[in-house]
Amino acid sequence: MSVVALVPAAGRGERLGAGVPKALVSVRGEPLLVHAVRGLLAAGCVHSVVVAAPVSDVDTMTRVLAFAGSHARVVPGGSSRTQSVRLALGAAPPDTTVVLVHDAARAFTPAELVKAVVARVDGGADAVIPVLPVADTIKRVDAAGRVAATPDRADLRVVQTPQGFRAEVLRRAYDAYPDATTDDAGLVERLGVPVDTIPGHPYAMKITTPFDLAVAEAILR
Ligand code: C5P
């Protein structure tokens with residue numbers, strides 16, 4: 001088994017308002033990207049990481065990941081998350097058998113969750129995603145902001161990363177669908193391939209807003 005983690009980190013992170021790409025925002029003295037890559041490698045089952053960086057920040061991200069040596073590689077990302085994942089996938093070694101896709105913004109994901117995702121694919125799953133139950137009721141609204149539907153909360157899940165795939169399945173999905181998605185597993189679903197779920201972890205939260213950053217600081221304290 002050869003496991004490669006793709007880390008889309010090419011977003012501008014405007015909702016965070018830090019003035020630098022989100023992956024370079026520091027928490028406890030180190031960029032989110034460093035926390036994320038270190039966490040992936042600490043799991044012990046990820047052989048290498050391919051990071052998709054903003055084109056203007058490839059050199060900076062390469063420098064901050066020097067600690068990982070040949071285990072981390074930085075490539076220029078694209079104009080959407082999907083494009084960034086596509087470019088990173090293209091840079092993964094051809095003999096890769098398992099691919100994880102993991103947001104740099106989920107910088108404090110526990111190693112146990114990474115191991116659980118890899119173990120599930122190693123055990124035969126084509127695709128696996130970590131999920132959490134939904135605590136709030138979710139409404140679907142129309143363009144005017146009026147409620148259109150109230151899906152049953154019991155059937156809904158919040159989706160996290162790392163998402164894990166048999167490499168051949170993810171490559172097939174990216175070849176088949178050129179459009180953008182916020183969720184790699186969604187492309188695999190469209191192929192008709194079953195996607196398994198495993199329990200996620202609160203620490204795998206995505207850091208999007210200044211509030212999330214404050215929570216991350218508190219977790220690390
Ligand atoms: O914008 P959002 O928070 O959904 O982005 C999720 C992840 O995708 C982030 O880690 C971000 O850096 C990455 N991304 C990317 N390329 C883009 C846009 C977002 O790699 N063009």
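The model is predicted, so to speak of local features requires pLDDT of at least 70, and side-chain atom pairs count only at pLDDT 80 or more, while totals for chains, interfaces and linings use all residues. Residues are numbered from 1 along each chain as its sequence is written, and side-chain values use heavy atoms, leaving out hydrogens and water.

The largest pocket has a volume of about 720 Å³. Of its 28 lining residues, R15, K22, R81, D103 and K206 are the closest to its centre. (A pocket is an open set of points on a 1 Å grid over the protein atoms alone, where a 1.4 Å probe fits, with protein on both sides within 12 Å along at least five of seven lines; lining residues have an atom within 4 Å of a point.)

**The ligand**

The ligand sits in this largest pocket, meaning that more than half of its atoms lie within 2 Å of the pocket's grid points. Around the ligand are 15 residues, and the closest are P8, A10, G11, S84 and K206; a residue counts if one of its heavy atoms lies within 4 Å.

| Residue | Protein atom | Ligand atom | Distance |
|---|---|---|---|
| A10 | polar backbone atom | oxygen | 2.8 Å |
| K22 | polar side-chain atom | oxygen | 3.1 Å |
| S80 | polar backbone atom | nitrogen | 3.3 Å |

The protein covers 83% of the 460 Å² of accessible area that the ligand has on its own, by the Shrake-Rupley method with a 1.4 Å probe.

**Two backbone details**

Most residues other than glycine have a negative phi, and most peptide bonds are trans. The peptide bond from T161 to P162, however, is cis, with omega near 10°. P162 lies in the loop between β10 (157-159) and β11 (163-166); strands are DSSP runs (E, at least two residues), numbered from the N terminus. R28 has a positive phi, near 50°, and is found in the loop between β2 (26-27) and β3 (30-31).

Conventions: Grid points are joined across faces, edges and corners, and a volume is the space filled by probe spheres set on the points. A polar contact is a pair of N or O atoms within 3.5 Å; within protein, one must be able to donate a hydrogen and the other to accept it, and residues adjacent in sequence count only if both atoms are side-chain atoms. Helices (H or I, at least four residues) and strands (E, at least two) are DSSP runs, numbered from the N terminus.
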